[in-house]
Amino acid sequence: MTAMIIIMVLLLYPLITVIRYGKGVLLPNFARVDRLLTQKTGFHFRGPYSWNSLFGKIVYYLLLSIFLFGISLIIYSLAQ
């Protein structure tokens, strides 16, 4: 249970960053996320590793589904 909570916290940071900069949970504006992260950090997120690429979108939705599945498992285990 503790390991799952630690993993959930590690997954939470990139999700919150994309949600906050992209202004949405299910359909964030990935181009805006790339632009604001470039302005904030100075790194240029281009190519296959940007949030606006297919790889970035797959990673985001995969992390989001793992996070939601983990939350549902925690709620289910607390309800027992």
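A nonpolar core is here a set of buried Ala, Val, Leu, Ile, Met, Phe, Trp, Tyr and Cys residues joined through side-chain atoms within 4.5 Å. In the predicted model examined here, the largest such core comprises 14 residues, and those with the most contacts inside it are Leu15, Val18, Phe30, Val33, Leu37, Trp51 and Tyr60. At least two residues of this core are contributed by each of H1, helix H2 (30-41) and helix H3 (54-79).

When neighbours within four places in sequence are left aside, tryptophan 51 is in contact with Pro14, Val18, Phe30, Val33, Asp34, Leu37, Gly56, Lys57, Val59 and Tyr60.

With regard to overall architecture, the chain contains three helices and zero strands, and its elements follow the order α-α-α from the N terminus. Along the principal axes, the C-alpha atoms occupy a box of roughly 45 × 20 × 20 Å. Of contacts between residues at least 6 apart in sequence, 49% link residues at least 24 apart.

Burial and surface composition were also computed. Of the 80 residues in the chain, 30% count as buried. The accessible surface amounts to about 5,700 Å², and carbon and sulfur atoms account for 73% of this area. A nonpolar patch on the surface is formed by Met1, Ile5, Val9 and Leu78, which together have about 410 Å² of accessible area. Within this patch, methionine 1 is located in the segment that precedes helix H1 (2-22).

Methods:
Residues numbered from 1 in each chain as written. Predicted model: local features only at pLDDT ≥ 70, side-chain atom pairs only at ≥ 80, totals over all residues. Heavy atoms only, no water. Helix = DSSP H or I, 4+ residues; strand = E, 2+ residues; numbered from the N terminus. Buried < 20%, exposed > 50% of the residue type's maximum accessible area, 1.4 Å probe, protein only. Contact = heavy atoms within 4.5 Å. Areas by Shrake-Rupley, 256 points an atom, 1.4 Å probe, with all protein chains shown as cover. Patch = residues over 30% accessible without salt bridge, like charges linked within 9 Å, V, L, I, M, F, W, Y side chains within 5 Å. Salt bridge = Lys/Arg side-chain N within 4 Å of Asp/Glu carboxyl O.
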